[in-house]
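Thanks for coming. I will go through one protein chain today, a few residues at a time. Please keep the picture open while I talk.

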Amino acid sequence: MRNWLVVAVSLLGGFWLTPVSSALAGEWTQVSCTQPNGQPAPVEAASWQVPLIGGLKADTGATNACPSNGALTAFDSAAESETAYKGPLWVYTAPVGSKIAGGSLRVSLSAPHGQAYVATPEDSFTNAADVLVNCQYNEPCGSTGFTGTVEISHPGGTQLFARAMCVGVNPGETACAAYGSGSINAEVSVYAADVELTNESTPTGKDFSGSLLEAGASGTADLTFSAEDPSGPGVYRVTAMLDGTSVYHETPEANGGSCASIGKDSSGVAEFLHAQPCKQAVAVDIPLDTTKFSDGSHTLKVEVEDVAGNKSVVLDRKVSFSNHPPSTIPTSPSGGGSPGGSSTGDSTSSSAVVSLVTSLASTSIGPGSPLALRGPANGTNASDAAELTARWAQTSNTVLTSRYGMPERVTGRLTTSAGQPISGALIDVYATPGYEGAQARLSDAGLRTNPTGSWTLTLPRDVSSSALRFVYYSHVEDTVAAASATLDLNVHAGLAFDITPHIASVGRKIYFNGMLHGAPIPPGGKQLVLEASSGGEWVKFNTITTNAKGRFHASYRFKYPGPVTYHFRVVSPHEADFPFLDGSSNRVSVREH
């Protein structure tokens, strides 16, 4: 009971957390020195520099061994005496227009006679609001050193500093003693830097032209325009949607291979190897085979996305196609008219026949419709009386409840009513995300049945709660399904976070940094609940809001002395505008002295 009272008093009396801004800035990660797969990553001069500092000894300096799987190292020699509080450093500078939002550094520090530290946003070794990790001669790590991964827990700046220097042993000293040849005051190495960056650039589009914009476009028509990201990390993807269905989703300019993500970091933010991964202005050419769509009016939307995930709809307009002009059907004489004579009475006019054909084409097409309108058969043994099954691989129930990040699998079979397999058939998959007002969308993951009529679908790890509908059309031009099956998926929200440091004392701050996985994040961010425990039940002590990418940050300064160990977690309550069930994060413990 005492532990519960301790945490309750602390939380109610002094736990004030500052939520992150809900600005709609996008995020991306620049990877330097070492990639997640262990291969070397570029160390670009535009990002990493060693400032010139006068008066440093000849055997003191900074090196870059990253190309040979080493590190960015700053070291201060103790072979000779020198002025106190001087030493070399590496400085990382964010690209113009971007700010540091988080990330992590894999570092090594030692300081037998001096001090080594990494800081942001300012180059300060005395301010806890700047220091990420510190090692000095009069602390345990001075002699034993520190090696590990530290979170970049002070977002908002544009620079990171990794410095090694000598310090005066006694207060007020201005010089450092010499300790002999081969000795060092301090050394700091950065083996890998995954710096998450935030950028508020708004992608744009201009100079739209092409046959796709002409009335009655036919055949393969094209749309050309210029996509731009004026002050951002560059144009990454362009998506074109026709009546809500994606018809183009590509990176229009590879920029020599730089404009490609190498993966995602632990917070789910896309990683790139360069400060300017993609070009800020690219020419886009979108070809579209209009014969795959019905004649008449359609809605075309084009969206431009930059490296940071900032998106803009740059074109939203009507287009029209004309690929199937009415056939000319000759008038046939009827009622016994003689050759060479004029047709009279109840002869059928060509305009009436054309009207009939047009009417048929505009109605629903499927079982019972004229074969001329339905196109080729969909699969071997295609049948209007097909039977389609779909089931979850791990349960016979039609509803599956899962957790975020699980690659759930669906299996099924398509047969005739007599049990014959329908092979090589395309099955469309429609998914309706589980949030208020969501529309069903045709998935890009079209399925083909195998020779036994069976099929398998593995859902992506980031799938949200969804209603899934599997549809078989027996002919490729049908609009009415011959068979269908439905399943429902409920997914608990996925969260991950950490706190730095894990040991604190009264008057010191701890920093919360984390990620709510999944999309779409509600406008203005998703509300989260922070909870704590000291061994008893969980106590809600504050509500914070994510940014548009799901990231969240907070801090807390301890106001009451320990000793006590607190456990923290983050909870995402279910809300109608977020397509996930409630979910909770990992548990992080902090020891207060």
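Cys135 and Cys141 form a disulfide, and their sulfur atoms are 2.3 Å apart. Keep in mind that this is a predicted model, and every value I give is computed from it. Cys135 has 0%, so Cys135 is buried. Cys141 has 13%, so Cys141 is buried too.

How many disulfides does the structure hold? There are four. If you number the bonded cysteines of the protein chain in sequence order, they pair 1-2, 3-4, 5-6, 7-8. I will take two others in turn.

One of them joins Cys33 and Cys66, with 2.0 Å between the sulfur atoms. The torsion about this S-S bond is about -95°, and therefore the disulfide of Cys33 and Cys66 is left-handed. Now look at where the two ends sit. Cys33 is in strand S1, residues 26–34, while Cys66 is in the loop between strand S4 (61–64) and strand S5 (72–77); the pair therefore ties together parts that are 33 residues apart in sequence. Both Cys33 and Cys66 are buried.

The next one joins Cys259 and Cys278, whose sulfur atoms are 1.9 Å apart. What is the handedness of the link of Cys259 and Cys278? The angle about the S-S bond is 90°, and the link is right-handed. Both ends are in loops: Cys259 between strand S18 (245–250) and strand S19 (263–264), Cys278 between strand S20 (270–272) and strand S21 (281–289). The parts tied together by this pair are therefore 19 residues apart in sequence. Cys259 has 5% relative accessibility, so Cys259 counts as buried. For Cys278 the relative accessible area is 0%, so Cys278 is buried as well.

Now a step back to the whole chain. The protein chain has four helices and 41 strands. It has 593 residues, of which 45% count as buried. The protein chain exposes about 27400 Å², and carbon and sulfur atoms supply 51% of that area. Take the contacts in the protein chain with a separation of 6 or more: 71% of them are between residues 24 or more positions apart.

Two single residues come next. Asp76 is in strand S5. Its relative accessible area is 0%, so Asp76 is buried. Which side chain does the side chain of Asp76 make a polar contact with? The partner is the side chain of Asn185, at 2.7 Å. Leaving aside neighbours within four places in sequence, Asp76 is in contact with a list of residues that includes Lys57, Glu82, Lys86, Met165, Cys166 and Asn185.

A polar atom of the Ser466 side chain lies 3.0 Å from the backbone oxygen of Ser464. Not counting residues up to four places away in sequence, Ser466 touches Thr432, Pro433, Gly434, Leu487, Asp488 and Leu489.

Last, the aromatic rings. The count of aromatic pairs comes to 14. In one of them, Phe512 and Phe568 are edge-to-face, with 5.5 Å centre to centre and 85° between the planes. Phe512 is in strand S35, residues 509–516, and Phe568 is in strand S39, residues 564–572, so this pair ties together parts that are 56 residues apart in sequence. Phe512 has 2% relative accessibility, so Phe512 counts as buried. Phe568, with a relative accessible area of 1%, is therefore buried too.

Phe578 and Phe580 form another aromatic pair, this one tilted: 5.0 Å centre to centre, with 40° between the planes. Both of these residues, Phe578 and Phe580, are buried.

Which residues do ring pairs link into a cluster? They are Phe497, Phe512, Phe541, Tyr566 and Phe568. The two rings of the edge-to-face pair, Phe512 and Phe568, are among the members of that cluster.

That is where I will stop.

Note on methods
Residues numbered from 1 in each chain as written. Predicted model: local features only at pLDDT ≥ 70, side-chain atom pairs only at ≥ 80, totals over all residues. Heavy atoms only, no water. Polar contact = N/O pair within 3.5 Å; in protein donor to acceptor, adjacent residues only side chain to side chain. Contact = heavy atoms within 4.5 Å. Helix = DSSP H or I, 4+ residues; strand = E, 2+ residues; numbered from the N terminus. Buried < 20%, exposed > 50% of the residue type's maximum accessible area, 1.4 Å probe, protein only. Areas by Shrake-Rupley, 256 points an atom, 1.4 Å probe, with all protein chains shown as cover. Disulfide = S-S within 2.5 Å. Phe/Tyr/Trp six-rings, centres within 6.5 Å; stacked < 30°, edge-to-face > 60°.
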